[in-house]
Amino acid sequence: MTSYGDEAFSLFLRKAFIKAAGYSDDALDRPIVGIADTSSDYNPCHGNAPQLIEAVKRGVMLSGALPMVFPTISIHESFAHPTSMVLRNLMAMDTEEMVRAQPMDAVVVVGGCDKTLPAQIMGAVSADLPVVVVPVGPMVVGHHKGETLGACTDCRRLWAAHRAGDIDDEEIDQVNDRLAPSVGTCMVMGTASTMAIIAETLGLTVPFAAAIPAPHAERVRSAEVSGRVAAAMAVAGAPLPSAIVTPASLHNAMVVLQAIGGSTNGIIHLAAIAGRAGHAIDLGAFDRIGREVPVLVDLKPSGAHYMEHFHNAGGVPRLLAELTRFLDLSAPTIDGTLGDRVMQAADMHGQDVIRPLDRPIKAQGAMAVLYGNLCPRGAVIKHSAASPALLQHSGRAVVFESVEDLARRIDDPALDVEADDVLVLRNAGPRGAPGMPEAGYIPIPKKLAARGVKDMVRLSDARMSGTAFGTIVLHISPEAAIGGPLALVRNGDLIRLDVAARRVDILVDEAELAKRAAVAHSPVERPARGYAQLYHDHVLQADAGCDFDFLTAQPASSADADAEPFQQSSGSTR
Ligand code: FES
């Protein structure tokens, strides 16, 4: 309660004010379920949030509890400057503090656009109040000239065709009308779909909640069920997020992330969520999981289909049923265990979107973790969406100093670049850009695209949209802006990518690299004030989830810290 130095008066005053909204004593005596509202005119992905919130409220009230809706920050991927990633931690802080500050016994968070579910889960785990996550759901697909379209893998593919001169201005305008045909999140296996599936795998949503299309009636019914579950949790005071986000559920999430061909952003967000619960993701363990767990889900950009097809094929429970031998089915969820959810998986005869283990899309998982003299703390490649011919490749470095430099020179006809060169972008990491913009998907230089070049090896300390594809090494850590080895690369240096050996190296001798390192690099200018300064001073590197150093939790116990596949969270890995 608000502190006035007199607890009884605090309650008296609080009741007096809430009664101004017309609540009766009977209503106010009920268990309270807070509902975080992220609807915003700037966030079309959350366009159905008001309808979902009504359904959650109905479920809460049918169970005899009182719903209380409150606003938090909402972030849309395309409307957040400089990048939504900068604001993720602000949204997490907002969610955590409003859950803490206001009276509620449980909370339902309604979100979906890329950074929103990670932010809401991070905040809820830190507040450690019973939480139910309600994803807004994916968009339905669009159509153009007999082809099925989806945001935003097809946005990139068709824009690349436009750049290469294969699609004219009139047609690209038509495509623009058709790529996002409904409210909801991007319907390929981008970050939003990935994080909704991760949330369901962690056990923080009701079953099937990740994939039901946003405009479907089933999505609304799922929200109503979520309200009922939240009301039961408000009465029980359990389970707490700290009992759900455990080494077991994080292991399950890593298995599923590999099996769905998930977004590379997923591993950053998962590391941040783990850090809030006092755990740390071991990238080496994630890589080992990827060597065993195949890609089973046939969705773009790694495959051919879209989220509504994944839902029609049985959604997350069907996928979990295929993956049981890799999972810890005893992991608790908001309404039982993960094993209970496997029991709900329907046998979907004839579907080909969620494959059985003996008929995978790719024999190995979606992502590999690379080390080498360019990335001592790791880097990530989504090899399921890369060109097989480029997974072992050496080429000359063509270096871009920043995102701005890239934009300025990439299409310069005078740029010295050939198809077998390696494009290098630096100063685009958590602190450097700031916020690791999704600039890792470096466009193919126009003059090469016009010659039919579709893919090149590209390296950066940036991120990439989960909807993108190509032979692209991301999240190079530590980033160039804090003195990582990426800062030492010069035009013409030979760079070797060897995904089979899990390495990416600069083939320059150590003495020369030491000489280059001795020349001080210019640090990023510290913002003068405000959130930008807070972000600059406290953001962690990609391998620690880009959370703020003061927001991570201490390890839950020393035994937990020793357990594979997790390592002790240092909380100071800047
Ligand atoms: Fe919101 Fe893609 S822009 S999920």
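The legends below describe close-up views of a predicted model. Local features need pLDDT of at least 70 and side-chain atom pairs count only at pLDDT 80 or more, whereas totals for chains, interfaces and linings use all residues. Residues are numbered from 1 along each chain as its sequence is written, and side-chain values use heavy atoms, with hydrogens and water left out.

**View A. Helix α6 and its packing partners.** Helix α6 spans residues 153-163, helices being DSSP runs of H or I with at least four residues and strands runs of E with at least two, numbered from the N terminus. Its buried residues (under 20% relative accessible area, with over 50% called exposed and values in between partly exposed; 1.4 Å probe, protein chains only) are T153, D154, C155, L158, A161 and H162. These buried residues pack against β6 (147-149) and α7 (169-178), and α6 is followed by G165, whose phi is positive, near 90°.

View B. Apart from neighbours within four places in sequence, Q120 is in contact (heavy atoms within 4.5 Å) with A36, T38, M91, T95, V109, V110 and G111.

**View C. The salt bridge between E77 and K115.** The two side chains meet at 3.0 Å, N to O, in a salt bridge, defined as a side-chain nitrogen of Lys or Arg within 4 Å of a carboxyl oxygen of Asp or Glu. The pair links distant parts of the chain, 38 residues apart, with E77 in the loop between β2 (66-71) and α4 (84-101) and K115 in the loop between β3 (106-111) and α5. K115 counts as buried, at 0% relative accessibility. A search of the whole structure finds 39 salt bridges.

**View D. The salt bridge between R502 and D287.** The side chains of R502 and D287 meet at 2.6 Å, N to O. R502 is in the loop between β15 (494-498) and β16 (503-506), while D287 is in helix α13 (residues 283-292), so the pair ties together parts 215 residues apart in sequence. Both R502 and D287 are buried.

**View E. The salt bridge between R451 and E418.** The closest N and O atoms of this pair are 3.4 Å apart. R451 lies in the loop between α18 (446-449) and β13 (457-460), and E418 in the loop between α17 (403-409) and β12 (422-425), 33 residues apart. R451 is exposed, with a relative accessible area of 55%, whereas E418 counts as partly exposed at 39% relative accessibility.
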